[in-house]
Amino acid sequence: MTVEFVPGQNAPLHTSVVTFRASSQTPFDVSAMVTDTQLHALSSDAFVFYNQPSTAGVQLTGDIVRVDLDRLHPDAEAVLCIVSVDPNAAAAGAFRVAGLSAQLSDESGSVLAEFDIPTAGSETAVICWELYRRNGAWKVRAVGQGYAGGLAELIGVHGVEVDDAPANPSPVPEDHVVEPVEEGRALERMWMIFEDASRSAASLISSSEYAMTRLDEELSVAVADASTRNSPAGTAARDAAQKRHDELVATARESHTRDSAQLAHELTVVDSVMPRAMASWESPVWAPGSVSESLTSSDGVRLGMLSAPDRSSLSVPYCMPLPLPRPIWVDSTSGAAAVAVVSALTLRIMAAGPMPLLDVVDLTGSYTLLTDRLSAQLAGPVIRTHQEISARLTELAQAVDLAGLARNSGQEFAMSLDAGPSTPRLLILGDFPHGYSAQDADAIMFLAEHGSMIGLSILLVGDDESSSAEESIVALAHGCRHVPAAGEIDVHDPWTGSHWVLIPDTLNPATQPQLFAAFDKL
């Protein structure tokens, strides 16, 4: 069955041979590039175009590229499927790739995927598809990344040396078309944006590293002969090498800057239509009067913002699915210091819908203002003494056990809790591990592993106990997603391993009461 893709969408490839073709109102050429995990061309021979129509596993015939994934170079991790404006058409003044669409088919000719590519009107080369390896299996992603500098810019950014420096890329037009957020796919959309930002960052890093490696090699050659080392010819060779380095780095940075501007524009647009759980506090969806008694459901929750100041000013939301796949551990020496982060995460999870019941352990009274504002959703009294902790954890563990039995028996599950079978839970564990027993830690581990059966998410607050003497506490610490109560934490994206800095969202219940308006009517 043919799948119609939108920018950033990905899917598994269930065939080892695919063909790529495209159509456009403008004459164009097709090409392909075999790359490593950093989207850097394996070599100049890994670029397939009309003057070099084949490489291992990739064959260009006319206007069709055939890719045999099983015959690619052993180091291949991705194949980029590319279109570029025909040079003759460009000379005649037709510089725009307009009405562009791309297809992938299997060996029998059955169309697997179609992609109508939104272009800004200034591109003369576009990456249509990315075929990439992930955990030993091949997938396809709709890219739609355009380059105003044409094919020369595109392949230069990906590490293929070109004779002519590409033209400067154009800025993102203010009327750039951004795809609407489909219902139930907000989390996927956010991760698409994060992935696009990560791959653009990886391209910049890879191009910069390649430029430096090439510069080192060329400078070594320029000074190898002592008789010409200090001659005009030697100086000219060094200057030329430095110029080529600077031009490639500048081109890569300009491309990354353009990518970042496009993604920033997209984030600004979608923020106004995102579910509250993933929208910024400044989004209209959080404004007084915009909330309704029927909360917009969300498949994910926003933890904070990712940035890389050394690369660009772009900040990307970092979101997780719900229920949380693993507990979030807020590293803090005191509950009071973590209030702003805990409040933000709690409010967002509450806003994701359906409204969860709150189970709260607050031995120091740090979260009183938060729990007072959300008192209607408390599953029971806030736990103030360590003697009460085990009973509440046991109650939740029993609910999980019942859910497991019901699932295994194939019968409908009706929880014995007052909320009924469809009400999720949010467990906030403050002041951990002080006042908690070893059995409590084991119970929390059990809930972390199996709590999704009752829609349980866990927030845990305390010192990082990764080096604790208690094995159960160490295991729990290693199994959580750690975020700081203040400051930032390093994150590496799952696609390219690029470095990011995560700053968690914060909320002050005392000074931002308007954000709780969504729950006052419930």
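**Close-up 1. The salt bridge between R185 and E188 in the predicted model.** R185 is partly exposed, with a relative accessible area of 24%, and its salt-bridge partner is E188, with the closest N and O atoms 2.7 Å apart. E188, at 29% relative accessibility, likewise counts as partly exposed, since that class covers values between 20% and 50%. Side chains of opposite charge can pair when their charged atoms come close.

**Close-up 2. The salt bridge between D505 and R348.** The closest N and O atoms of D505 and R348 are 2.9 Å apart. D505 lies in the loop between β22 (499–504) and α10 (517–520), whereas R348 belongs to helix α5 (residues 339–352), so this pair ties together parts that are 157 residues apart in sequence. D505 counts as buried at 10% relative accessibility, and R348 counts as buried at 0%.

**Close-up 3. The salt bridge between E195 and R141, and the network that includes these residues.** The side chains of E195 and R141 meet in a salt bridge with an N to O distance of 3.4 Å. Because E195 lies in helix α3 (residues 186–222) and R141 in strand β13 (residues 137–147), the pair ties together parts that are 54 residues apart in sequence. E195 is buried, with a relative accessible area of 2%, and R141 is also buried, with a relative accessible area of 3%. Both residues belong to a network of salt bridges that links E130, R141, E195, D196 and R199. For the model, the count of salt bridges comes to 19.

**Close-up 4. The packing of helix α7 against helix α8.** Helix α7 (residues 389–409) and helix α8 (residues 438–450) pack at an angle of about 30°, and their axes are 10 Å apart. That angle makes α7 roughly parallel to α8, the cut-off for this description being under 35 degrees. In passing α8, helix α7 makes a left-handed crossing. On the α7 side, I389, S390, L393, L396, A397, V400 and D401 take part in the contact, and they meet D440, A443, I444, F446, L447 and H450 of α8. Sorted by class, the residues of this contact are nine nonpolar, two polar and two charged.

**Close-up 5. The buried residues of helix α9 and what covers them.** Within helix α9 (residues 471–479), the residues S472, I473, V474, L476 and A477 are buried. The elements that cover these buried residues include the strands β16 (328–331), β18 (425–432), β19 (456–462) and β20 (481–484), together with helix α8.

Terms used:
Residues numbered from 1 in each chain as written. Predicted model: local features only at pLDDT ≥ 70, side-chain atom pairs only at ≥ 80, totals over all residues. Heavy atoms only, no water. Axes fitted to C-alpha atoms, helices over the stretch in contact; angles between N-to-C directions. Helix = DSSP H or I, 4+ residues; strand = E, 2+ residues; numbered from the N terminus. Parallel < 35°, antiparallel > 145°, perpendicular 65-115°, else oblique. Left-handed = near helix turned anticlockwise from the far one by under 90°. Contact = heavy atoms within 4.5 Å. Nonpolar A, V, L, I, M, F, W, Y, C, P; charged D, E, K, R; others polar. Buried < 20%, exposed > 50% of the residue type's maximum accessible area, 1.4 Å probe, protein only. Salt bridge = Lys/Arg side-chain N within 4 Å of Asp/Glu carboxyl O.
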